[in-house]
Each structure stands twice: as C-alpha cells, then as structure tokens.
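Here is a short report on helix packing and on a pocket. Have the chain open as you read.

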Amino acid sequence: MLSTPHLLIGAALVKAIPNPAISLPAAFASHFVLDATPHWDGSPHPPFGKKFYFWVGLDYLFGLFLIWWFARSNPQLPLIMFGGFLGTAPDFMLASFRGFEFLPWNKWAWYKKLNNFHRGIQSNVPPASGFVTAAVAVGLAIFLLVKV
C-alpha cells in the first residue's frame with residue numbers, strides 16, 4: 001500500500017485512542033493489517049531510480065501534509081504525527097533489511113522474522129482494485145482525524 005493510507009491510519013489511531021501505550025503499538029500494527037488487505041503499492045522492483053524516490057517522497061509528504069491539515073489544531077499533533085510515522089515504520093525496516101544488509105540489526109533473528117513476515121503478507125492487486133482499499137482506509141482515517 002502507498003504511504004499516505006499507512007500514515008493516515010496510524011495518525012487516526014493515535015487520535016482516536018487517547019492512551020499512547022495502546023495507540024502507538026496499534027499504529028505500528030496497523031501497517032501489517034493494511035498490507036494484508038488487497039492493495040496496490042506501485043509494484044516496485046529494484047533497482048530504484050530517481051523517479052521512484054521522487055514519487056515515494058511525494059506520497060510520504062502528501063500523507064504528512066494531510067495529517068497536519070486535519071489535526072493541526074489538536075494539541076496532541078506531535079504525537080499524532082508520530083503515530084503516522086509508526087504506521088509506515090515497517091516499510092522503513094523492510095527497506096533497511098533489503099538494501100543495507102551490513103547494518104547490525106539486520107542480523108537480529110526477530111528483525112529477520114518480522115521482515116520476512118511483512119514480505120509474506122503482501123496482497124497486491126491491480127491499481128483499480130487496490131485504489132478501493134486505499135480510498136476506504138483514507139476515508140476512515142480522515143473521518144477519525146476530523147470527528148473523533
């Protein structure tokens with residue numbers, strides 16, 4: 001799934017669940033739930049070029065902007081933004097695991113298991129079908145960010 005839905009769902013969970021001891025782990029876990037649902041993530045294949053990083057960066061910035069926009073008056077905005085980041089953290093972990101094998105944490109057994117689990121649950125579908133899942137996730141997240 002693209003970053004924007006992951007960011008928004010993570011942020012919405014932190015806003016909707018006032019206890020960070022529950023909401024922050026839930027934001028992290030939401031990534032795996034979203035990736036297990038049928039989605040489209042652009043189907044990237046290495047090697048990645050400048051165009052790929054441009055679009056990934058733009059998607060991430062767009063998601064951060066939306067969180068800021070919908071929660072900007074909330075005094076918990078920094079925590080809500082952190083929840084958004086946690087909603088995308090497994091992708092950063094997977095990128096580290098795939099592209100920087102020399103990093104020491106990539107040798108940790110639990111880290112390998114988590115990344116292998118993450119790769120194994122992907123449910124990629126064509127863009128049109130995957131857009132529906134993303135739209136539902138984004139709509140739900142925006143509702144939670146605005147109404148709750």
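H3 crosses H4 in a right-handed sense; that is, the near helix is turned clockwise from the far one by less than a right angle. The model is predicted: local features need pLDDT of at least 70, side-chain atom pairs count only at pLDDT 80 or more, and totals for chains, interfaces and linings use all residues. Residues are numbered from 1 along each chain as its sequence is written, and side-chain values use heavy atoms, without hydrogens and water.

On the H3 side, the contact (heavy atoms within 4.5 Å) uses Tyr60, Leu64, Ile67, Trp68 and Ala71. H4 answers with Leu77, Ile80, Met81, Gly84, Phe85, Thr88 and Phe92. By class, 10 of these residues are nonpolar, two are polar and none is charged. Here Ala, Val, Leu, Ile, Met, Phe, Trp, Tyr, Cys and Pro count as nonpolar, Asp, Glu, Lys and Arg as charged, and the others, Gly among them, as polar.

The table sets out the axis geometry. Helices are DSSP runs (H or I, at least four residues), numbered from the N terminus. Axes are lines fitted to C-alpha atoms over the stretch in contact, and angles run from 0 to 180 degrees between N-to-C directions.

| Pair | Axis distance | Angle |
|---|---|---|
| H3 and H4 | 10 Å | about 155 degrees |
| H2 and H4 | within 8 Å | roughly 40 degrees |
| H4 and H5 | within 10 Å | roughly 110 degrees |

H4 is roughly perpendicular to H5 because their angle falls in the 65 to 115 degree class. H3 and H4 are therefore roughly antiparallel (over 145 degrees).

H2 covers residues 20–36. H2 also passes H4 in a right-handed crossing. Its contact with H4 has 11 nonpolar, five polar and two charged residues. Among them are Phe28, His31 and Asp35 in H2, and Phe82, Leu86 and Asp91 in H4.

Asp91 turns up again where H4 meets H5. Met93 and Arg98 are also among the H4 residues there, and Trp110 and Arg119 among those of H5. This contact divides into seven nonpolar, four polar and four charged residues.

Which residues lie nearest the centre of the largest pocket? They are Pro44, Phe48, Phe52, Val56 and Asp91, out of 31 lining residues. The lining has 15 nonpolar, 10 polar and six charged residues.

Technical notes. On a 1 Å grid over the protein atoms alone, a cavity is a set of points where a 1.4 Å probe fits but cannot get out, and a pocket is an open set with protein on both sides within 12 Å along at least five of seven lines; lining residues have an atom within 4 Å of a point. Helices (H or I, at least four residues) and strands (E, at least two) are DSSP runs, numbered from the N terminus. Angles under 35 degrees count as roughly parallel, over 145 as roughly antiparallel, 65 to 115 as roughly perpendicular and the rest as oblique.
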